[in-house]
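These are my notebook entries on a structure that is new to me. I begin by looking at the chain and its fold.

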Amino acid sequence: MAYASRFLSRSKQQLQGSLGVLQQQHNAIPVRAFAKEAARPTFKGDEMLKGVFTEIKNKFLAAVDILRKEKITLAPEDPAAVKQYANVMKTIRQKADMFSESQRIKYDIENETKEIPDARAYLLKLKDIRTRRGLTDELGAEAMMFEALEKVEKDIKKPLLRSDKKGMDLLVAEFEKGNKKLGIRKEDLPKYEENLELSIAKAQLDELKSDALEAMESQKKKEEFKDEEMPDVKSLDIRNFM
């Protein structure tokens with residue numbers, strides 16, 4: 001663990017050094033500059049920016065406070081570590097009033113489709129959002145929805161508009177038939193959302209682990225660390241960096 005301890009200690013020293021430089025620069029500002037700033041009139045835009053900055057700062061501090069307390073194990077291959085990381089991220093989102101991935105997707109759908117008049121363009125936008133968010137359609141639900149739309153439009157002999165209540169009811173009925181074939185049930189939606197969050201957590205842990213390994217390999221090349229054995233990445237504690 002000597003390697004890890006020196007690595008963390010060095011990072012802490014660098015942080016303290018940076019804070020020292022910042023403090024020197026801050027103290028070097030003439031007093032008249034503050035007097036001049038105090039005399040500047042306040043505009044509505046300034047207050048708005050101040051409010052935005054304060055909100056972001058509070059969310060950041062809330063996230064840091066949680067990360068200082070919770071242990072994160074860099075082991076994406078371990079389901080228990082992935083679940084723990086997902087729970088930590090969920091707590092951060094709740095404390096900082098942030099969207100989960102499922103909520104973000106729902107928000108994007110509601111905002112990006114509200115002006116779309118026809119069903120086909122609506123489904124194409126859903127496909128675009130799914131692709132953009134890096135989601136896969138393992139069940140084939142997307143193809144099923146387009147097949148259902150083709151059937152309905154063939155029956156009504158015209159493009160289906162979202163304002164066409166009778167036509168949309170027919171489409172929803174076709175969707176329900178397709179969902180039944182695919183084994184998709186409304187009551188299972190919370191489970192699908194949980195699986196989505198776990199898959200995202202695993203991907204993020206993979207990235208964190210890769211970054212940690214890359215950083216350790218870089219440190220290992222330095223003269224002061226060349227004779228030391230690298231620690232197991234799972235033994236690293238992110239709280240030491242906070």
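I count two residues as in contact when they have heavy atoms within 4.5 Å. The model is predicted, so local features need pLDDT of at least 70 and side-chain atom pairs pLDDT 80 or more, while totals for chains, interfaces and linings use all residues. Residues are numbered from 1 along each chain as its sequence is written, and side-chain values use heavy atoms, with hydrogens and water left out.

Entry on E101. I looked up its partners, setting aside neighbours within four places in sequence, and found contacts with R133, L196, E197 and I200. The C-alpha atoms of E101 and I200 are 8.4 Å apart, although 99 residues separate the two along the chain. Is E101 buried or exposed? It is buried, because its relative accessible area is 15% (buried means under 20%, exposed over 50%, partly exposed in between, with a 1.4 Å probe and protein chains only).

Entry on aromatic rings. I searched the whole structure and found one aromatic pair. The ring centres of F99 and Y107 are 5.4 Å apart and the planes stand at 45°, so the pair is tilted (centres must lie within 6.5 Å; planes under 30 degrees apart are stacked, over 60 edge-to-face, the rest tilted). F99 is partly exposed at 39% relative accessibility, and Y107 is partly exposed at 37%.

Note on methods:
Rings of Phe, Tyr and Trp (its six-membered ring) pair if their centres lie within 6.5 Å; planes under 30 degrees apart count as stacked, over 60 as edge-to-face and the rest as tilted.
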